[in-house]
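User: Please take a close look at a single part of this structure, and set it in its context. Keep it brisk.

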Amino acid sequence: MTADSATDVFEAHRPVLLGVAYRMLGRVADAEDVVQDAWLRWSGGDRSGVRDPRGYLVRVTTRLAIDRLRQIKARGETYVGPWLPEPYVTDFGDAVPDTAERAVLADSVSLAVLVVLESLSPLERAVFVLREAFGYPYADIAVMLDRGEPAVRQLAGRARRHVEEGRPRYDVDPAQRRDLTERFLAAATEGDLEGLLELLAPEVRLVGDSGGKSRAPLRVLEGADHVGRFLFGTARKGLPDVSIRFLELNGGVAVLVLSGGKPDSVFQLDVADGRVRTVYVIRNPDKLYSLAALP
């Protein structure tokens, strides 16, 4: 394999590798670092015995991500306020034409699922990602992780139960989510508190992630009145030179709020039965950095 063909092969699989690494880490910069390390191993190693480049690269990327996740956990870093994953652009376009496959990929990268995955062990997380998001057989995962197949099945079962118990069971209808997001945004920006409250489920939650670096609630807000009044008050304060952009982030429609052309915050809603069940607000500037480069 020539250097040029090796580069072409790697670039063809880069989106999958980045998808694996991001689901493992929940951080775009860390995922990109892991993929870059995988490239260095691919480009500088002996590729003569590689018969399945995609499988080989996914194995290398997964193991590097496990090592990175273990390092992060070992540092025992404390985070100020609630933690949410870094927003991840997921416009699959024509790359994933099958509706069922798109739904699986979108669900596996949703904010709700990634928050639950954060509580799994690195090995449990790897098995869940490879099995549930990318559909790898247990035997292949066992080879990738250098574990026996029975052990992998056990890890998968434990991870799946944990995720099912921890994530909210919302029906995700893209059209309904978009409609409610637009109505939610209109009510908030127009100062229509009554209209905003009508869109919120009684048990609605607002999860704000600022990392202590910008203004956002340092605890989860619960209940339509608390959440509605917080959003109403925030909208009334306003931002200088504000603009709004709709994006597909983490498998669903999201709102990027810019101030002076720079990302200020990301809003995303979980929706069920025509009401907003969860409001996610990401205001940590470190997590919005990658969105500044969007065209």
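Analyst: Buried residues make up 48% of the 295 residues in the protein. Here, buried means under 20% relative accessible area, exposed means over 50%, and partly exposed lies in between (1.4 Å probe, protein chains only). The model is predicted, so local features need pLDDT of at least 70 and side-chain atom pairs count only at pLDDT 80 or more, while totals for chains, interfaces and linings use all residues. Residues are numbered from 1 along each chain as its sequence is written, and side-chain values use heavy atoms, with hydrogens and water left out.

The protein has 12 helices and 6 strands. These are DSSP runs numbered from the N terminus: helices are H or I of at least four residues, strands E of at least two. The radius of gyration is 20 Å, close to the 19 Å of the globule rule for 295 residues, so the protein is as compact as a globular protein of that length. That radius is taken over C-alpha atoms, and the rule is 2.2 Å times the number of residues to the power 0.38. Among contacts between residues at least 6 apart in sequence, 66% join residues at least 24 apart. Contact means heavy atoms within 4.5 Å.

Now the part itself: the sheet. The 6 strands form an open sheet in the order β2-β1-β6-β5-β4-β3, with mixed pairing. Two strands pair if DSSP finds at least two bridges between them. At the edges sit β2 (221–222) and β3 (242–249), each pairing on one side only.

Strand β4 covers residues 252–259 and strand β5 residues 262–272; they run antiparallel, joined by 5 bridges.

On β4 lies L258. L258 is buried, at 14% relative accessible area. Its bridge partner in β5 is P263. Leaving aside residues up to four places away in sequence, L258 touches D241, V242, S243, R245, P263 and D264. A292 is 34 residues from L258 in sequence, and their C-alpha atoms are 9.3 Å apart.

On β5 lies F267. F267 also counts as buried, with 19% relative accessibility.
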